[in-house]
Each structure stands twice: as structure tokens, then as C-alpha cells.
Amino acid sequence: MWLEILTLDTGKTYLDHAGSQLPAKTLINSFAADLNSHLYGNPHSASTPSHLAGERVDEIREQTLKFFNASSEDFELIFVANATAAVRLVTECIQDYVASLPKPMLSKKPTFSFSYHRECHNSLVGIREVANSHLCVDDEDVEQWLSSGASKKRMANNGVHLFAYPGQSNFNGRRLPLQWPNRIREAGMQDTYTLVDAAALATTTPLNLDAMQPDFLAVSFYKIFGFPDLGGLIVRKASTARIIAARRYFGGGTVDVVAAQRGSGSGRGQTPGWHVKRAALSAQLEGGTLPFHNIVALGHALRTHHDLYGADPMAAISRRTSALAAAAYARMMAARHRGGAPVFAVYKDNRAVYGDPATQGATLAFNVLRADGTAVGFKDVERAADRKGIFVRSGGHCNPGGVTSYLGWTPRDLREMYVRMGHACEDMVQLYLGRPTGVVRASLGACSTMKDIDALLDFVREEYVDKAPAAPAEMSLRQIVVEMESRTLDDADGTGEGSTATDRSKRVMMTLRTGKSHSWLENLLDIVNVRKVWNTGVLLI
Ligand SMILES: Cc1ncc(COP(=O)(O)O)c(C=O)c1O
């Protein structure tokens with residue numbers, strides 16, 4: 001049953017389910033059959049096909065809320081492009097809401113203050129750019145708010161305080177406490193709203209929104225079902241209705257009536273335009289034509305999940321992926337080179353336990369180590385795996401807090417890597433000072449099997465265990481602080497070899513602070529953008 005949904009050719013190993021799940025063949029087939037046998041029109045029209053599309057959208061909205069154990073009395077689902085779009089929508093609503101609040105007499109203007117957990121994805125970190133103030137927090141900070149009465153006043157700040165955190169880190173799959181929204185509400189933290197990013201969490205675990213009670217929750221459906229490419233924002237009506245109602249922009253489908261010519265502006269001495277918004281929160285936020293074909297596909301995705309995985313599909317997927325991840329983790333931790341040195345550095349939060357779905361999802365973030373303890377570049381591992389038909393993902397995963405928390409780099413280090421080495425998402429320096437700047441991520445999903453874990457471990461054993469000698473350049477890069485000087489051999493040691501700036505065989509000369517020098521052929525350097533060494537001349541790394 002589990003293998004039936006693999007859409008890949010046999011012999012391929014897909015381990016990037018945190019990027020996207022794989023759609024089941026039956027999902028694609030049933031969706032195609034549906035489109036081939038029904039006429040769906042734009043739900044904003046009044047024709048029979050449009051009515052049909054509208055009815056399907058309403059049904060699927062309801063079914064999706066049920067899928068997340070969210071009662072439609074308390075919650076509303078807004079269809080969006082993806083989790084990032086959901087986050088932006090929340091941000092826009094809060095900005096407009098705070099701007100609409102009157103300034104109390106003898107008090108400061110209301111503000112939008114934003115706290116985000118360190119393990120947030122960039123899509124949430126970016127909110128800070130539009131907030132009036134922001135704070136990056138960790139678990140201990142949140143616990144301190146919850147126990148400290150003094151913070152309540154500070155957080156309220158006469159406006160809105162939004163606290164955003166991921167239900168699951170997309171960096172290494174650590175799961176964060178789902179009780180926080182309730183506890184924050186119970187602690188009486190005035191005007192504090194929680195935004196739970198469930199993009200990673202919802203992929204392999206059932207959600208229970210009736211229990212969790214987040215104010216806002218963002219998901220991407222393609223990460224749960226593989227298809228359709230669609231996202232959702234789920235809002236808790238009681239707490240968020242007034243924030244949503246304050247959103248100023250309106251578009252097609254979000255208003256009941258608009259007077260086109262009326263009004264000159266909202267400033268002093270101007271007359272505002274006139275329009276009336278639609279009543280439902282989803283209608284107020286879903287501007288333009290709904291992605292109705294995608295929503296129809298979501299209906300098929302929900303049904304297919306039941307057909308393939310049983311009455312409680314996400315609970316079954318959770319059990320299975322959790323057990324697989326625990327087995328993979330145990331095997332990785334046990335893997336050794338001949339001399340006893342570990343083969344993997346696996347990055348796990350101390351509070352997380354593989355096999356316990358409350359604290360850890362089915363994601364493994366790791367680096368491959370050589371027998372001498374040096375790390376193999378994570379991109380090199382990804383590329384080598386890809387050549388063998390094993391698909392993982394590597395890098396920082398849009399999770400700067402994960403990079404700092406688990407790899408030990410400070411924000412200052414990241415800045416320095418960027419300025420000095422051009423280290424960036426699309427063009428990463430794999431090792432800096434001999435230490436990895438990112439990880440390889442293997443993430444499991446509904447269709448993962450033990451064969452996938454075997455394939456990954458076999459690949460690493462064949463490729464790296466007791467095999468890969470450390471490159472001379474990497475030995476140099478392991479030195480703590482070095483001053484690297486790049487020169488042609490003409491300049492460096494006068495041998496006259498490799499004298500043009502584009503010559504790939506030129507020598508790089510590195511002088512350590514100790515005064516000791518190393519030189520090596522440029523193309524042996526285990527950093528991606530070695531070219532920059534030549535362009536910039538002198539690098540302090
Ligand atoms: C935890 C988390 N949040 C947010 C996102 C952004 O999701 P999307 O790209 O679907 O907007 C991702 C994507 O990988 C994620 O893993």
C-alpha cells in the first residue's frame with residue numbers, strides 16, 4: 001500500500017519530503033478523471049458550472065477544517081498560495097489593525113511588536129521588517145513570559161504583539177510545544193496573538209486545532225499531500241475577527257458593494273471611499289478568483305489520504321515516519337569508520353527524542369565526517385547522492401536560527417562569511433574555518449520506507465567511510481584563524497607557474513597567523529566559490 005503511491009521510477013530514493021511530499025498516483029488520476037467529467041466555472045459567476053465549483057469549494061473548506069480537527073464554529077480557513085502567503089496576509093492585517101487604533105490620551109501611539117522563535121523559517125523572520133519592534137526569542141524566553149507577570153504589560157505595548165513560531169523546525173525536525181497558544185492566552189498576555197507555522201509540522205503528524213487554539217496557523221498543502229500547490233491560513237474567529245476586518249485593501253470577491261467614484265482619500269480634509277466588506281472572514285481575505293481547480297484537487301488529496309492510510313491517515317503516517325526516523329537516527333549514530341570515528345554529526349535538539357512525535361519530526365539534519373573528523377562539504381554530499389539517485393537537500397534551509405543554534409555560528413559570523421566569502425543561500429561556502437556552514441537534510445514522508453534509509457546509509461558508507469582522504473586545503477582550513485592570501489605562483493614563490501588570473505591550476509598561498517605558510521592548487525580547495533579568493537586577493541577567514 002505504501003509503495004503504491006510512489007511516483008518515482010523504481011531505484012530512486014526521495015528524501016526531501018520537507019520540501020514537498022510526493023503526490024499519490026491515485027490522487028492525480030482521480031483529479032484528472034474529475035476534471036475530465038465535470039465542468040467547473042469561476043465561482044464568482046452564476047452559471048451551473050460556477051455553482052458547482054462554489055459548492056465544491058465550500059465542501060472542501062469544511063473537510064479541510066475537519067482534517068485539522070478545527071471546528072468550523074471556532075475556525076475559518078482562508079485559501080492562499082502557500083504558507084508564506086498566509087504569513088504575509090496575517091502581517092498585512094495586523095499592520096492595518098494597529099494603524100486603525102486610536103492613540104490614547106497621554107499615551108504612546110499603538111505599535112506592532114513582533115517576537116519570533118529562533119528556529120523560525122525566513123518566511124516568518126521577515127515579518128520583523130514591517131513591525132515597529134522585534135525580538136528573537138528561544139524556549140526559555142517564552143517560558144519566562146509565561147511565568148512573569150511583568151512581561152504582560154511590556155508585551156501589550158498598547159497595540160498588538162504577535163508571537164510566531166514553527167510547530168516543527170524545518171532545519172532538523174525538532175517539534176516545539178503546541179501548548180504555547182493556550183498558555184499565552186491563559187497567562188493573560190494582553191493583545192498577544194500567536195502565529196503557528198505548521199508548514200513542516202503538518203507534513204507527518206495530525207493537527208488538533210480545537211485543542212491547540214492558535215490565533216493564526218499557516219500551512220502548505222503540497223507539503224502534506226504532494227499536490228495541489230496550495231496553502232491555507234486558519235484563523236481563530238473569536239480572537240482575530242477584528243484584526244481581519246481592519247484590513248484596508250479590498251479586491252474582487254472580498255466586498256459586497258463598492259462606490260467607484262466616491263471619496264478622495266483617507267487623510268485629513270478628504271472623504272473616504274465607500275464600500276462594504278463581505279461578512280465571512282475567508283471572503284474578506286480571498287481576493288480575486290479562488291484557485292478553484294487546486295481546491296478541487298485538495299478534496300481528492302484528502303480522500304486519497306483516507307483511502308491509502310486509513311480512517312486517521314495522519315496518525316498512521318506519524319507512527320510510521322516516527323519509527324523510521326528513530327531507526328535512521330540510531331543507525332547514523334552507530335556508524336563508525338574503521339578506527340572508531342563517527343561517520344555522521346547529527347544535529348538534534350537536546351529536548352527532542354527520535355521516536356517521540358511530540359518532540360521530534362521525521363527529519364534528520366547531518367554532516368558526513370571523514371575518519372579524521374573533518375566534515376565533507378554538504379553540497380558535495382548532496383551532489384554525490386543525486387548522482388546515485390538519492391534526493392536529499394542541503395544548506396541552511398532558510399533557517400538562520402537553525403544554523404546559529406545547531407552549527408554554532410553567530411549572526412556576526414554569517415555576516416562575515418557573506419562579506420568576505422560571498423556566502424549566500426544560492427552560492428554557499430560549505431566550510432568556513434573548517435566547520436560546516438550548513439547541513440544535509442533527509443526528510444521522510446508518507447511513502448518513505450526502510451529501503452530509503454538503507455539507500456542513504458549504503459551510499460554514505462560506499463562513498464565516504466574509510467575512503468575519502470582529507471584534501472590538503474581542508475586541513476589548512478581547519479586552522480582556527482588564518483589569513484589567506486591568494487597569488488599567482490609568480491608572486492607567491494617565484495616559480496613562474498600558473499601566472500594568469502583565470503588559470504585554474506594557480507596556487508593559493510595561505511599564511512597562518514602563526515607565520516606558517518601552506519600553498520595548494522586552487523582547484524583542490526574545498527570551498528565552493530574559490531574563484532572569489534582570486535578576485536578579492538586577500539581574505540581573512
Ligand atoms: C517551517 C516552514 N515554514 C515556512 C515555509 C515556507 O513554505 P512555502 O514555501 O510553502 O511558503 C517552509 C518551507 O519549506 C517551512 O518548512
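**Exercises: a sheet and a helix**

Strand β11 is joined to strand β12 (residues 363-368) by three bridges, and the two run antiparallel. Helices (H or I, at least four residues) and strands (E, at least two) are DSSP runs, numbered from the N terminus. Residues are numbered from 1 along each chain as its sequence is written. This is a predicted model, where local features need pLDDT of at least 70, side-chain atom pairs count only at pLDDT 80 or more, and totals for chains, interfaces and linings use all residues.

**Exercise 1.** Work out the strand order of the open sheet and find its edge strands.

Step 1: strands pair if DSSP finds at least two bridges between them. In β12, F366 is the bridge partner of V346.

Step 2: the four strands line up as β11-β12-β17-β14, with antiparallel pairing.

Step 3: β11 (344-346) and β14 (393-395) each pair on one side only, which makes them the edge strands.

**Exercise 2.** Check whether the length of helix α12 (residues 292-309) agrees with its residue count.

Step 1: the expected span is 1.5 Å times one less than the number of residues.

Step 2: α12 has 18 residues, so it should span 26 Å.

Step 3: its end C-alpha atoms are 26 Å apart, which agrees.

**Exercise 3.** Name some buried residues of α12.

Step 1: buried takes 20 or more other C-beta atoms within 10 Å of a residue's own, exposed 12 or fewer, partly exposed in between, with C-beta atoms placed from the backbone.

Step 2: the buried residues include F292, I295 and H305.
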